Amino acid sequence: MPARLKILSPEALATADTKALVKHYLAVLEERAPGRSVEVRVPPYAAVQVVPGVRHTRGTPPAVIETDGETWLAVATGRTTWAEALASGAVLASGERTDLSAYLPLSTD
């Protein structure tokens, strides 16, 4: 796992700010969906490549997901579903393997 992403302890989660929470849930996704075929971007916080499949190494990946921090936290914790976030336009997804619903929610609560 890249040093910029780390899974937080329950104690750290309780007091984490948005930046730390976004990175935490991206790290959890990376652990649960290892691979490099889809890039998940949550600007300005972080991005991660996940999901098994063809490895991407240069340029814009063929499969990209982008959302804001609050939406990422909502789908990661189950406050909204992946389908709801896509339908509302809060998540933009293009390319193959961009349906993350099999991995969500990520919350361990």
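**Close-up 1. Pairing of strands β1 and β2 in the predicted model.** β1, spanning residues 38-42, runs antiparallel to β2, and 5 bridges join the two strands. Within this pair, E39 lies opposite Q49 of β2.

**Close-up 2. Helix α2 against the sheet.** α2 covers residues 18-32 and packs on the sheet, where β1 and β2 are the strands it touches. The direction of the helix makes an angle of about 5 degrees with that of β2.

**Close-up 3. The open sheet of 4 strands.** The strand order is β2-β1-β3-β4, and the pairing is mixed. The edges are formed by β2 (46-50) and β4 (91-94). Each of these edge strands has a single partner, so one side of each is left without a neighbour in the sheet. Between neighbouring strands the turn is 15 degrees on average, with direction ignored.

**Close-up 4. Crossing of helices α2 and α3.** The axis of α2 comes within 10 Å of the axis of α3 (residues 69-77), and the two cross at roughly 50 degrees. Angles from 65 to 115 degrees count as roughly perpendicular and those under 35 as roughly parallel; α2 and α3 are therefore oblique to each other. Their crossing is left-handed.

**Close-up 5. Residues at the contact of α2 with α3.** From α2, the contributing residues are T18, L21, V22, Y25, L26 and L29. From α3, they are G69, E70, W72, L73, A76 and T77. By class, the residues of this contact divide into 8 nonpolar, 3 polar and 1 charged.

Key:
Residues numbered from 1 in each chain as written. Predicted model: local features only at pLDDT ≥ 70, side-chain atom pairs only at ≥ 80, totals over all residues. Heavy atoms only, no water. Pairing = 2+ DSSP bridges. Axes fitted to C-alpha atoms, helices over the stretch in contact; angles between N-to-C directions. Contact = heavy atoms within 4.5 Å. Parallel < 35°, antiparallel > 145°, perpendicular 65-115°, else oblique. Left-handed = near helix turned anticlockwise from the far one by under 90°. Nonpolar A, V, L, I, M, F, W, Y, C, P; charged D, E, K, R; others polar.
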